Each structure stands twice: as structure tokens, then as C-alpha cells.
Amino acid sequence: MDKIIVHGGAALHGRLHVSGAKNAALPLMAASLLTDDALTLSNVPDLADIATMASLLRRHGAEIVSESIEADAPAFGGRTIRLQAAQIADTTAPYDLVRKMRASVLVLGPLVARCGIARVSLPGGCAIGNRPVDLHLKGLAEMGAEIDLTSGYIEARAPGGLRGAEIVFPKVSVGATENLLMAATLAEGETRLVNAAREPEVSDLARCLVAMGAEIEGIGSDRLTIHGGKHLHGAAHRVVADRIETGTYAMAAAISGGELELIGARMDLLDAVADVLESAGVAMEPTEAGVRVRRANGNLIGVDVMTEPFPGFPTDLQAQIMALMTVAEGAAMITETIFENRFMHVPELARMGANINVHGASAMVRGVSRLKGAPVMATDLRASVSLVLAGLAAEGETILNRIYHLDRGYERLHEKLSACGARIERVSG
Ligand code: UD1
């Protein structure tokens, strides 16, 4: 299994290309199941999760071809893919694919809306806590689907088609909003999603659905109204920039004491992150090509952070901000409100010399003057990258094992970082 080795201490400098957002591309790919026409997506990142979604969609009958690598992102992906589900060949999403990636559950809404039936394996347990899909299922039931759970599979049936409904989410869920938004475009009548997720990836999906012929009001707000039953057709859509990748590399610049221009990054999607970083002594400013990040006046300062649904501070940057805070002056209280059990990076950071105490959903980080490299291992995507960040600042060598997590969500991480001066290598074996 491949490893990443980081020799800490080098400040990052230069221009780094931000990829299209994985979390936008996955639901956009699933949306191709809503029409028999072709959906063309550009700025698609080259990641293991994208390949998993492509395998799943092919199983359902979609033809997927890679059209090109875009000229404006020569070194780093930015692929254009064409997806066409002229016919749905199979309405079952099997366990062996769903277990690899929870986002597979996003085919449920489109399949049941188009075919009146879908069988999707229950995603099961997950390293970052118990992540149920009850909100997805409750919403589909309110739209008239009959839901059964048998032999580890969700079976949803709506032989006469789905119908519009008012769905009030008791809790903000990105995936449930996306699943029901897609289903509602083909349901008969009006659907209102109340307390919907406002994440930019949800809006990106909504804009693509509109380009496909859907009628959606309230995009970007927590109330989405979908006038369903429209015939959806093909469209071309560019995947929004990855704000989590942007935030991760912003913190890489900050922790290494360097300066990066993040090409293609969208500052307007990062308000909460920019506020936190500013309080921590890190300046982010928009440039013509993206966003520039550097330490404002030398030292990093401890700052309290609480994760929240968008527009709050994203849970997907919690591990990275914690890595940054391990070497800041003073203390930082980091509170995770979205997922239980999302502190698996803490013991690994501690092995590198970080001073962190966890009390329930909060972690108190007291900054240390230096981290020390160590062999580390992580159990999820964002935890893994937080260890790479820590490695950039640490004295000596950090060896990161189990890097398949990184391949799921960071396109050519070691190449991007080493092109900006990081001493990082990927070794096989
Ligand atoms: C998406 C992102 C993930 C991110 C998360 C929160 C994708 C592919 N993944 O995951 O990277 O960390 O949003 O921003 O876009 N919940 C329920 N019942 C449900 C659904 C969710 O209780 O039916 C809970 C979850 O356990 C969690 C919270 O709601 O506590 C938010 O989860 P959700 O927004 O649904 O996350 P995902 O869509 O799985």
C-alpha cells in the first residue's frame, strides 16, 4: 500500500490549482439518471470517489465517456465527462459499491423518481460516527414512495410516480437535500424543502438541474421550491471549485509559513473560514485568478472554532484547522457539532507532539512550539490530510500510511504540494 512521506520545515510558495469539488461532482453525476439525454460535466476532479460513482452509474445503464482534459488546468485534471443514461438497465445499487462510498445513496432519489423503483444497499457504519439515511427515506415516503428495509437493502417503490410534498427537515442534511431535490424534479406537482442545506454544492446541483429543464426557486436559501414533473433534458455544467480543498491548502500555506495563490478558488464560498483564519493571523484575499493566502504578521494565534452547516465553518475542515492550531500561540477550543466521533486525528496529532484534550464534542488544543514527525495513520479523508498539514510543520519525517483515504478526495495532493516547495513524496509498497 502506498505511503506519503513528508519532510517538514519547508515554507510553501507559488500557485496551486484548486480542482472541482468532489462533493458537487458526485450528486451532479447522479443527476444524469434523471434524463435519457446526455449530461456533460466539466472541471470534474480525478478521484477514487468519482471512479466509484462512475462504476455505479454504469451498472444502472449510464454510458460515461471522458471527453477531454481542460486546457486551463493542464497539470491537474479538470476533466470533462459525458454521462448518458438512455435507459436504466438495473435499479439496484449493490453493497460492494455502496460500502465503498456513502454518497452512492444519491442514486436513490433519481432512480425511484425515474423508474418508480430502486434498491440501494444501506451504507452501513462509517468511521466518522453513525450516519443514518432516515431523512432521505422519510422525505421519499412523504413524496409517496413505499419504503422497505430488507436484507440490508433500502427498497423504494412508487409505481404511479412520486408526488410533490412539503418536507421539513428536522436537521440540516446535505445528502438528503440533494436526493430529494433530484427526486422532486420528476415528481408530479410542487415540492417544498424546508430547512434545506445551503451548501454551495447543493446550489451547484440545483443550477445544473435548472439547466436540464427543472424549475427551482430559492436556490442558495434554506427553502427550495421545486415545480416538478418537467421533462428533463441534457445540459452542460461546470463543477464549482472545491472550497474544502481550497481551505485545506490555505491552511497548508499558513502552517508552513509560506504564501500561496490558490488558482480557481472562490473566496465568496469561504467567508466563515476566512474569518477564522484572519483571527488566527492568516490573511486571505481575492486575486484575479483565485485567492492569495499568507501569514499576516508572523505568528499563528489560537482561535475557537465551531463547525456548523453552511454558511458556518465546515466540518470537512475541522481536522485541518485543528492541525493548524496545534502550533498556534495560546489555546483553541474546537467544537464539532455535525458528526459524532470525528476526532480520530487527535491521537495521531498527539503522537506528533500536539497537546489536545477532548471533552465530548470539544477539543482543547494548546499550541506547542514544534511538532515532531512520526509514522501516523488515519481513518478518514479529512483526518488524513490534517496529518499531512501537521507533517509540513513538523521537525523531521512524517510517514502517512493508509493513504487511499486521500486518493478519495484530494487530486494529486503530493504533486500539488511538491510543486509549491513541500518536501513530500509518495512511495509504493
Ligand atoms: C456531506 C458531505 C460530507 C460532509 C457533510 C456535512 C458529500 C458527498 N459529503 O455528507 O463531506 O462532511 O455533508 O457537511 O457531499 N443525518 C441524519 N439522517 C440523515 C442524514 C444525515 O441524522 O438521513 C445527520 C448525519 O448523521 C450528520 C448530519 O445529519 O450528523 C449531517 O449529515 P449530512 O449533511 O447528511 O452529510 P452527508 O450528506 O452524508
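## The β6-β7-β9-β8 sheet

Let's start with an open sheet of four strands, ordered β6-β7-β9-β8, where the pairing is mixed. Here two strands count as paired if DSSP finds at least two bridges between them, and strands (E, at least two residues) and helices (H or I, at least four) are DSSP runs numbered from the N terminus. This is a predicted model, so to speak of a local feature takes a pLDDT of at least 70, side-chain atom pairs count only at pLDDT 80 or more, and totals for chains, interfaces and linings use all residues. Residues are numbered from 1 along each chain as its sequence is written, and side-chain values use heavy atoms, with hydrogens and water left out.

At the edges sit β6 (92-93) and β8 (146-150), each pairing on one side only. Strand β7 (residues 117-121) is joined to strand β9 (residues 153-157) by five bridges, and the two run antiparallel. In that pairing, Arg 119 stands opposite Glu 155 in β9. Helix α4 (residues 108-115) packs on this sheet and touches β7 and β9, where contact means heavy atoms within 4.5 Å. The direction of α4 makes about 160° with that of β7; axes are lines fitted to C-alpha atoms, for helices over the stretch in contact, and angles run from 0 to 180 degrees between N-to-C directions.

## The β18-β19-β21-β20 sheet

Another open sheet of four strands has the order β18-β19-β21-β20, again with mixed pairing. Its edge strands, β18 (305-306) and β20 (355-359), each pair on one side only. Two bridges link β18 to strand β19 (residues 331-335), and these strands run parallel. Met 306 stands opposite Thr 335 in β19. In general, strands of a sheet pair through backbone hydrogen bonds, either parallel or antiparallel.

On the other pairing, β20 and β21 go antiparallel over five bridges, and Asn 355 has Arg 366 in β21 as its bridge partner. The hairpin of β20 and β21 has two residues between the strands, and Gly 360 in this hairpin takes a positive phi near 60°. Helix α10 (residues 318-325) lies across β18, β19, β20 and β21 (362-366), running at about 170° to β19.

## Around the ligand

How many residues surround the ligand? There are 19, and the closest are Asp 134, Leu 135, Ser 173, Asp 316 and Ile 338; a residue is near a molecule if one of its heavy atoms lies within 4 Å of it. These shell residues split into eight nonpolar, six polar and five charged. For that sorting, Ala, Val, Leu, Ile, Met, Phe, Trp, Tyr, Cys and Pro count as nonpolar, Asp, Glu, Lys and Arg as charged, and the others, Gly among them, as polar. Helices α5 (134-142) and α6 (174-186) each supply at least two shell residues, and the largest share, three residues, comes from α5.

Now for the close pairs of atoms. A backbone N or O atom of Leu 135 is 2.7 Å from an oxygen atom of the ligand. Ser 173 puts a polar side-chain atom 2.6 Å from a ligand oxygen atom, while a polar backbone atom of Val 174 lies 2.7 Å from an oxygen atom of the ligand. On its own the ligand has 740 Å² of accessible area, and the protein covers 87% of that, using the Shrake-Rupley method with a 1.4 Å probe.

Most residues other than glycine have a negative phi, and most peptide bonds are trans. The bond from Phe 310 to Pro 311 is cis, with omega near 15°. Pro 311 lies in the loop between β18 and α10.

Asn 43 has a positive phi of about 60° although it is not a glycine. Where is Asn 43 found? It is in strand β3 (residues 38-44).

Notes. A polar contact is a pair of N or O atoms within 3.5 Å; within protein, one must be able to donate a hydrogen and the other to accept it, and residues adjacent in sequence count only if both atoms are side-chain atoms.
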